[in-house]
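Here is a short tour of one protein model. Take a look at the structure first, then follow the notes below.

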Amino acid sequence: MSHNNQKKIAVINDLSGFGRCSLSVAMPIISYMGVQCCPVPTSIFSNHTGYEDYFFDDYTDRMEEYMSKWLKLGLKFEGITSGFLGSKRQIELVIRFIEEFRSDRTRVIVDPVMGDHGRIYPTYTEELCREMERLAACADILTPNLTECCKLTQTPYKTGDWHEEELALMAESLLARGPEKVVITGIPQEKFLVNYVAEKGKKARLVSTCKVGTERSGTGDVFASVIAADAVKGVDFERSVQKASAFVRDCILKSVELDIPLTDGVCFEEILYTLERD
């Protein structure tokens, strides 16, 4: 009996019981889009670290045995995606997972979660950032925000306007390391947020959406989940970025309407039915 008659994505990320982010976002969105979501938890939180107090259980030591059972089942994945990783060992395990489960039909999507607003997260040492560079080189699709893109390419971060030529240099540097597609997300430009979309063999494009509300936890996970599901279904990359950007915007607007606290993320459940499934 085959376990591989339906498209599947392995999502390697942490699980927060409350506060919409990581696996609690990826599982419903990817499932709604018609792809089986298979979680690989890296750690478990009662609620994410944006809250004052939380329970935390590191799952690193259990990941290897967890993965080995999937190998015994002979599972094959059309997609493998990763998000926040908290240690060198976790990054090593993700790279090993990719090596063991990747096939010609697999798309690897890496969201190199390391920082935002020009600041790298305190947990990310220089050694850990170098390990993330190794993982990024394994990706077919790479989705860094502007801060992470600057760190991966050793480009000084700035708060002013970014010219398209500067974005092109960073994207080309990342594409040269292995990925086929790169989207640099969250580039501020007056009243807009811009995503720079680059693919090997194609002209790069800018995809803009109007700024709305205030930044919230988990929006990057919403964006990456849409990109991942579309990738395994063969949706055009630029169209996927447009779709993901518009959905995040609409989720923020709905969350503002319902007065959802910023730490609680975006109430995507309210409008998930509007997301195009292609």
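F77 touches K8, I9, A10, C38, W70, F97, F101, R105 and T106, leaving aside residues up to four places away in sequence; contact here means heavy atoms within 4.5 Å. The model is predicted, so local features need pLDDT of at least 70 and side-chain atom pairs count only at pLDDT 80 or more, while totals for chains, interfaces and linings use all residues. Residues are numbered from 1 along each chain as its sequence is written, and side-chain values use heavy atoms, with hydrogens and water left out.

**Nonpolar cores**

- A nonpolar core is a set of buried Ala, Val, Leu, Ile, Met, Phe, Trp, Tyr and Cys residues joined through side-chain atoms within 4.5 Å, where buried means under 20% relative accessible area (1.4 Å probe, protein chains only).
- In the largest one, with 49 residues, W70, F77, F97, L135, I184 and Y196 touch the most other members.
- Helix α3 (residues 88-101) gives the most to this core, seven residues; helices are DSSP runs (H or I, at least four residues), numbered from the N terminus.
- Another core of 35 residues lies apart from it, and its members include L23, V222, I227 and A229.

**Two packed helices**

- Helix α5 (residues 146-153) packs against helix α6 (residues 164-175) with axes 10 Å apart.
- The contact uses L146, C149, C150, L152 and T153 of α5, together with L167, M170, S173 and L174 of α6.

**Around D278**

- D278 sits in the segment after α8 (237-257).
- Its contacts are D230, K233, V235, R239 and K243, not counting residues up to four places away in sequence.
- D278 and I12 are 266 residues apart in sequence and 24 Å apart in space, C-alpha to C-alpha.

Methods. Buried means under 20% relative accessible area, exposed over 50%, partly exposed in between (1.4 Å probe, protein chains only). Axes are lines fitted to C-alpha atoms, for helices over the stretch in contact, and angles run from 0 to 180 degrees between N-to-C directions.
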